Amino acid sequence: MGVPAARTKIALFMTTAFAAWLVGSMLALRYTSVQANIGIGQEFIYIIAAVIGGCLLTGGYGSAIGAAIGALIFGMADKGIVFLGWDADWFTFFLGAMLLLATLANRLVRRYAEEVRH
């Protein structure tokens with residue numbers, strides 16, 4: 001197709017590293033300290049956010065923009081439930097419901113991707 005794969009891959013990795021540095025610096029300035037273990041135990045939440053954004057659980061299909069949109073939806077639900085004054089335990093229920101709906105949508109997207117591939 002004429003796309004320089006090596007250069008594009010390096011540019012994407014550099015962009016991701018720059019974004020991680022920027023977020024890390026902002027958090028360090030905000031909290032005036034660094035906590036290396038702040039994301040431990042939240043892997044399931046990150047996977048749910050990616051699946052909500054359209055990434056397949058089996059891999060091979062998805063985009064960074066979709067994962068970012070999934071994280072945005074997840075964050076809006078997380079903060080929105082608190083701002084509505086609902087019990088915070090409802091977030092866990094909503095998290096499970098989002099995962100169930102995303103998994104069902106995941107199956108449909110996977111079937112569509114397989115049909116397009118063949």
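Ala, Val, Leu, Ile, Met, Phe, Trp, Tyr, Cys and Pro are counted here as nonpolar, Asp, Glu, Lys and Arg as charged, and the others, Gly among them, as polar. By these classes, the lining of the largest pocket divides into five nonpolar, two polar and two charged residues. The structure is a predicted model, in which local features need pLDDT of at least 70 and side-chain atom pairs count only at pLDDT 80 or more, while totals for chains, interfaces and linings use all residues. Residues are numbered from 1 along each chain as its sequence is written, and side-chain values use heavy atoms, with hydrogens and water left out.

The pocket itself is defined on a 1 Å grid over the protein atoms alone, as an open set of points where a 1.4 Å probe fits, with protein on both sides within 12 Å along at least five of seven lines; lining residues have an atom within 4 Å of a point. Its volume is the space filled by probe spheres set on the points, which are joined across faces, edges and corners. For the largest pocket this space is about 210 Å³. The lining consists of Gln-42, Ile-45, Tyr-46, Ala-49, Ala-71, Phe-74, Gly-75, Asp-78 and Lys-79. Helices are DSSP runs (H or I, at least four residues), numbered from the N terminus.

Two residues of this lining, Asp-78 and Lys-79, also form a salt bridge with each other, the closest N and O atoms being 4.0 Å apart. A salt bridge requires a side-chain nitrogen of Lys or Arg within 4 Å of a carboxyl oxygen of Asp or Glu, and by this rule the count comes to one. Asp-78 is partly exposed, with a relative accessible area of 26%; buried means under 20% relative accessible area, exposed over 50%, and partly exposed in between (1.4 Å probe, protein chains only). Between Asp-78 and Thr-92 there are 9.3 Å from C-alpha to C-alpha, and 14 residues in sequence. Thr-92 is placed in helix H4 and counts as exposed at 54% relative accessibility.

Helix H2 spans residues 43-52, and Ile-48, Ala-49 and Val-51 are buried in it. Seen down the axis of H2, these buried residues fall within an arc of 165°, so they line one face of the helix; the arc is that of the directions from the helix axis to the C-beta atoms. They pack against helix H3 (64-83) and helix H4 (89-117). Val-51, with a relative accessible area of 7%, is one of the buried residues. Not counting residues up to four places away in sequence, Val-51 touches Leu-57, Ala-102, Thr-103 and Asn-106, where contact means heavy atoms within 4.5 Å. The C-alpha atoms of Val-51 and Gly-70 are separated by 7.2 Å, although the two are 19 residues apart along the chain.

After H2 comes Gly-54, whose phi is positive, near 110°. The loop between H2 and H3 also holds Tyr-61, which is partly exposed, with a relative accessible area of 41%. Leaving out residues up to four places away in sequence, Tyr-61 touches Gly-54, Cys-55, Leu-56, Val-109 and Ala-113.

In helix H3 lies Ile-81, which counts as buried at 6% relative accessibility. Beyond its neighbours within four places in sequence, Ile-81 is in contact with Trp-86, Asp-87, Trp-90, Phe-91 and Phe-94. The C-alpha atoms of Ile-81 and Phe-91 are separated by 6.7 Å, and the two residues are ten apart along the chain.

A further opening remains to be described. The second largest pocket holds about 180 Å³ of space, and is lined by Gly-24, Leu-27, Ala-28, Tyr-31, Ser-33, Val-34, Gln-35, Ala-36 and Ile-38. By class, this lining has six nonpolar, three polar and no charged residues.

Technical notes:
Helix = DSSP H or I, 4+ residues; strand = E, 2+ residues; numbered from the N terminus.
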